[in-house]
Amino acid sequence: QLYSSSLDGSIKLWDFMDGIPIKTFAVGSKLLALYALASSEDSVFVVIPKSGERDTFQLVSVKLTKAAGQDLEAKELSVVLDGVDASPKRIAFGREGEYVAAVKEVNLQVYFFKRKQLSRFSVSAVKTKSGNNHFTCIACHPTEDCIATGHADGKIRLWRNFCHKKEYTFSTLHWHHDAVMDLAFSMEGTSLLSGGVESVLVLWHNESHCQKDFLPRLGSAIEYISMSPDGALCCTLHTDNRITIINSNLRFSKSIQGLIKSTDVKTGLVVDPRTKALVLNGEPGHLQFYCLQSDQQLFSLDILQRQYIHQAGLNQADLVKVAFSAQGKWLATVEEREEVTDPELQLKLWFYDEETQSFKLNTRINMPHEDHITDMCFRDMEELEDDSLILVTAGRDCVFKVWVMVEDTDPEAQQSVSWSCDFVGSYHNYQATNCCFSEDGSLLAVSFEETVTVWDSVTWDLKCTFCHPPGKIRNICFGRLTCSKYLIGATDYGFLCCWNLLSCTLEWSAHLNILVLQPDPLSEYIAAVSWLSKESSLFVFKPNEPRPIYIQRNLCKEKIQLAAFVPRDEPETIGSEKYLWLRRSQLFFLTDTQELMTLSTKSLEERLTPSSQQLAVEESLPVTPFSLLLGKHRRQQSQEDIDLGKLVVCNKHEQDSPAVKELLHTPAHVLPSASFLCPIFINSLLISKENKSAEEVADEVEMESEKTEDDSDEERDVTEMEQGDTSPVELLGKMTCKLSKSQEKELRKIRKMDYSWISAF
């Protein structure tokens, strides 16, 4: 049986075959965790808040009534343990469900169901050099009365004889230098698995301190550990949103990785022009290239090229800024280490190598600014000539710098060009906060606290300045296409301003607390995300029109920190004018909890193209003789179609076939019987009459045209006959006798009959 709980206070019992809930039990309280035991079929255990007390929870037994009906009320609730933690890894059930154990802070509670006995234990709360003794996780031995607890100081304690309050014993295992984040026993109980921030899975044999094995370099801190029912596999969940599957002999098997969850996304959301992948912070010191279509990481680029040490409080260098050139041939990165007196900065320029299909380091610049770099951008122009490629960096040292490519005079250098500083600009000794180029690259806008300055990108002369006090400039961007004469800026005081570059005046302004300002690179539209009253709202507008064309209030409850427009491969067909701004690009958001969201006018199934659907199906098929045969047949069919010069439509018949759809797109446990699918599948393999050669099709077209001409002649004769028989009385509007359609049809059949046999007489 499968049970599920929700925050609205309901427990659902599900049917595996139909995938629908059989019964719903209303508990009447917020449910935070759910436990079901095979030994108690008519009861489940849930964690609920204790009424009248804040941040205090109870483990409660809920008896599920067997009364008729779908929506039922669970009235029989009994408190098992009081003052428990809401985390599921701090509650565990013992051998065959005979007892339940829970830990919180320095207290351990054990409740025996049959004897209705409660035992409490505590450890010393005295802090040690490595941390404190607070409990962090718990696991129960599957066959013996043994409880394993993890602690914040990295120790593991094995508790025995805990049924007696005064005669309990425990032994200690210690390897982790920081908190133990989770524990799990093997199915036989002969070994214990532990994990923590070291990214190392530790296997303890026979509960011995001397006998242990390690699986290191798993990427990030281990948050959860789970064993398969047969004990053949182990699964670990990591803090960077990765699942690792490990064999029982502690050998790596597979990793399931989508978007890597970083500690802090300092680089922003950047789009790679070549692959259209999202680029942002990944593993410590790495850039991840995340494919939105396949929900997979394309590759990870090591920027810092240093070993990351997993230790809390240690100040290490981090990747903070990223920028791509227009065609994606050049990549600029900034890494820094926070220091109070003397910060460490490095600006690196990377060139994309077509042979290795990766970025190679071209230039490393130590301390490009005297203080932290706040923003950087490439001149967004065609990269046909290297002279047009310019990089601008803005820093807290009150200057912006222009970097250009020059010929490398070093004879030992492996590359022919390198980057150097060409110009340094400033404005009244204010801190430079943002920078961006116009669409044609002729103008550069740099914000200095409350002032926006516009510079000529050829002569580097200051053209004009804009100011809208009070408040510092938070974001700036130029308009595009027909709106290229406008400059948009948002202040931290809650104003969105639009300036006209031709008249050097303020075109319009709006009182909005804009956190994100993102222009679409393929249209005039600009997306602005505001934060007000603990909710994020979206405004889409054109700079030449102060009224937004799209408003989405309460987009999400989380604060949206970053956004990016990702160009589509092909413009999408939009039925409503309300969503025309999504036609050429798709907008993605990243919240402060690192949830990636997007706006779409279609459902997930509608967005999947037939090719991606087929790819998803082929990836989900197991490697069996049938799947290999199916793949070989498809490749042969595709090759034959290419040789014949036809369009490759080999999968069209299979996609249209209901039998193949039933077999490939339906879960196995809900498929109809084989006797039902077999006739449909066999019929789908038969050659359709529609698949005819070009000559047959041409003959049929010619015959049909002749037949159509004959029919039209016959219809014309009938029409002329009907018109000729029309009497003047009909013209006066009176009813006359006419042939019915069935009679006309019968008459045509008679006319088509062959009477040549009469000539024999």
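Reader: What is the nearest side chain of opposite charge to Asp-182, and how far away is it?

Author: That side chain is Lys-89, which sits 5.7 Å from Asp-182 in this predicted model. Asp-182 itself belongs to strand S17, residues 180-185.

Reader: Why is that pair not called a salt bridge?

Author: The name needs a side-chain nitrogen of Lys or Arg within 4 Å of a carboxyl oxygen of Asp or Glu. Lys-89 is 5.7 Å away from Asp-182, so Asp-182 is buried yet has no salt bridge, given that limit of 4 Å.

Reader: What does Asp-182 have close to its polar side-chain atoms?

Author: A polar atom of the Asp-182 side chain lies 2.7 Å from the backbone nitrogen of Ile-225. Leaving aside neighbours within four places in sequence, the contacts of Asp-182 include Lys-89, Cys-137, Leu-193 and Tyr-224.

Reader: How do you know that Arg-95 and Glu-98 form a salt bridge?

Author: Let's set the value against the cut-off. Their N to O distance is 3.3 Å, and the limit is 4 Å, so the pair qualifies as a salt bridge. In general, side chains of opposite charge can pair when their charged atoms come close.

Reader: Which residue forms a salt bridge with Arg-95 at 3.1 Å?

Author: That residue is Asp-145, and 3.1 Å is the distance between the closest N and O atoms.

Reader: What makes Glu-98 and Asp-145 partly exposed?

Author: Partly exposed covers the range between the buried limit of 20% and the exposed limit of 50%. Glu-98 has 24% relative accessibility and Asp-145 has 33%, so each falls in that range.

Reader: What about Lys-463 and Asp-456: how do you know that they form a salt bridge, and is each one buried or exposed?

Author: Their side chains meet at 3.9 Å, N to O, which is within the 4 Å limit. Lys-463 has a relative accessible area of 51%, over the 50% mark, so Lys-463 is exposed. Asp-456 is at 18%, under 20%, so Asp-456 counts as buried.

Reader: Why is strand S50 described as largely enclosed?

Author: Seven of the seven residues of S50, residues 585-591, are buried, so the strand is largely enclosed by the rest of the structure. Ser-585, Leu-587, Phe-589 and Thr-591 point one way, while Gln-586, Phe-588 and Leu-590 point the other way. In a regular strand the side chains alternate between the two faces of the sheet.

Reader: How do you know that S50 pairs with strands S49 and S51?

Author: Pairing asks for at least two bridges between two strands. S49 and S50 have seven bridges, in the antiparallel sense, and S50 and S51 have three, also antiparallel, so both pairs meet the requirement. As examples, Val-566 has Gln-586 in S50 as its bridge partner, and Phe-588 has Thr-598 in S51. S50 and S51 form a hairpin with four residues between them.

Reader: Are Leu-250 and Asn-429 buried or exposed?

Author: Leu-250 is at 11%, under 20%, so Leu-250 counts as buried. Asn-429 has a relative accessible area of 61%, over 50%, so Asn-429 is exposed. Leu-250 lies in the loop between strands S23 and S24, and Asn-429 in the loop between S36 and S37.

Reader: Why is Thr-56 called buried?

Author: Its relative accessible area is 15%, under the 20% cut-off, so Thr-56 is buried. Thr-56 is in the loop between strands S5 and S6, and among its contacts are Ile-48 and Gly-83.

Notes:
Residues are numbered from 1 along each chain as its sequence is written. This is a predicted model: local features need pLDDT of at least 70, side-chain atom pairs count only at pLDDT 80 or more; totals for chains, interfaces and linings use all residues. Side-chain values use heavy atoms; hydrogens and water are left out. Buried means under 20% relative accessible area, exposed over 50%, partly exposed in between (1.4 Å probe, protein chains only). Helices (H or I, at least four residues) and strands (E, at least two) are DSSP runs, numbered from the N terminus. Lys and Arg count as positive and Asp and Glu as negative; His and the chain ends are not counted. A polar contact is a pair of N or O atoms within 3.5 Å; within protein, one must be able to donate a hydrogen and the other to accept it, and residues adjacent in sequence count only if both atoms are side-chain atoms. Contact means heavy atoms within 4.5 Å.
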